[in-house]
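Please read them alongside the sequence and the coordinates.

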Amino acid sequence: MYDKKGFLEISNRYFCSMTNRKLKNAELERKSVSEFKEAEKTPIIVILDNIRSLNNIGSVFRTADAFLIKKIYLCGITARPPHKDIQKTALGATDTVDWEYIEDTLELVENLKKEGVKVFSIEQAENSVMLNDFQVEKGNTLAVIFGNEVKGVHQNVVSASHGVIEIPQLGSKHSLNIAVSTGVVLWDLFSKLKAQKKT
Ligand SMILES: C[S@@+](CC[C@H](N)C(=O)[O-])C[C@H]1O[C@@H](n2cnc3c(N)ncnc32)[C@H](O)[C@@H]1O
C-alpha cells in the first residue's frame, strides 16, 4: 500500500519512463464537422464505380476525410448514406466529406472532363502509369475512379479517362481490396500535392 504521495511518485515515474506514449483522441486535435466543411480541400475527387460492399464504401469515406478530399461521387449500384453498414466503417465521415449520387459513371466522367478536371481510372490496364511514376500537374483538379470488387472499373469508363494509374504489386494476388487501393492512392497523391505546394 502506498500513501497518496508514494502512489503519485510511482505513477509519475511510470508515466515519464513511457517511451512514445500513445496519444489520446483529444490530443489529436481533429476538426469538427463545421471546421472540416470550412477547411481548404485537397483538389481530388473520388469516383466509386459500382461498389458492392457497404463496408468498403464507408472505408473510402473515412480515408477521404483524413486527406480532406473535395468530393466523393457514388455511382451505379454504390449505396448511399445513411446506412448502418456504411456507418460501421465511415465512423461519421459521411457527415464531413461532400458526396453526391450520379447513376451513370460515364456521363459523370464526360461532364467532369468538360469542367477541366483530369480524370484517371485506378486500374490495371495496358499503358497504365505506375503510381510511383505518376506526376501530379500543378493547378489541376484530379478525379480518381475506383471499381467494383469483381469487375473493376467498367471498360467504357477506363477508355474515357485521361489515363490509368496502377498500383504496383509484387506478390501472388491479382489485385488489392478497393478500399485499400483508395488508401494507397489518396495518400500518394496527397503527399505529392503537399510537396508541390512547398516548391
Ligand atoms: C478488387 S479490385 C477489382 C479486380 C477485378 N478483377 C478487375 O478486373 O479489376 C477493385 C478495384 O480496386 C482497385 N485496384 C485494386 N488493385 C489495384 C492495382 N494493383 N492497381 C490499380 N487499381 C487497383 C481498382 O480500382 C479496382 O477496380
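1. Residue K114 belongs to helix α6, which covers residues 105-114. The model is a predicted one, and the points below should be read with that in mind. K114 counts as exposed because it has 8 C-beta neighbours inside 10 Å, where a count of 12 or fewer is the cut-off for that class.

2. K114 and A179 are 65 residues apart along the chain, and their C-alpha atoms are separated by 28 Å. A179 is one of the buried residues of α8, whereas K114 is exposed.

3. Helix α8 has 21 residues and reaches 30 Å from its first C-alpha to its last, which is close to the 30 Å expected at 1.5 Å a residue.

4. The buried residues of α8 are I178, A179, S181, T182, V185, L186 and L189. They cover an arc of only 140° around the axis, and therefore lie on the same side of α8. On the other side of this helix, S191, K194, A195 and K198 are exposed.

5. As for the packing partners, the buried residues of α8 pack against the strands β1 (42-49), β2 (69-75), β4 (118-122), β6 and β7 (163-166), and also against helix α3 (54-66).

6. Around the ligand there are 16 residues, of which G147, G152, I167, S175 and L176 come nearest. By class, this shell has six nonpolar, six polar and four charged residues. Both β6 (142-147) and α8 (178-198) supply at least two residues each to the shell, and β6 is also among the elements against which the buried residues of α8 pack.

Key: Residues numbered from 1 in each chain as written. Predicted model: local features only at pLDDT ≥ 70, side-chain atom pairs only at ≥ 80, totals over all residues. Near = placed C-beta within 6 Å. Helix = DSSP H or I, 4+ residues; strand = E, 2+ residues; numbered from the N terminus. Nonpolar A, V, L, I, M, F, W, Y, C, P; charged D, E, K, R; others polar. Buried ≥ 20, exposed ≤ 12 C-beta atoms within 10 Å, placed from the backbone. Expected span 1.5 Å × (residues − 1). Arc of directions from axis to C-beta. Contact = placed C-beta atoms within 7 Å.
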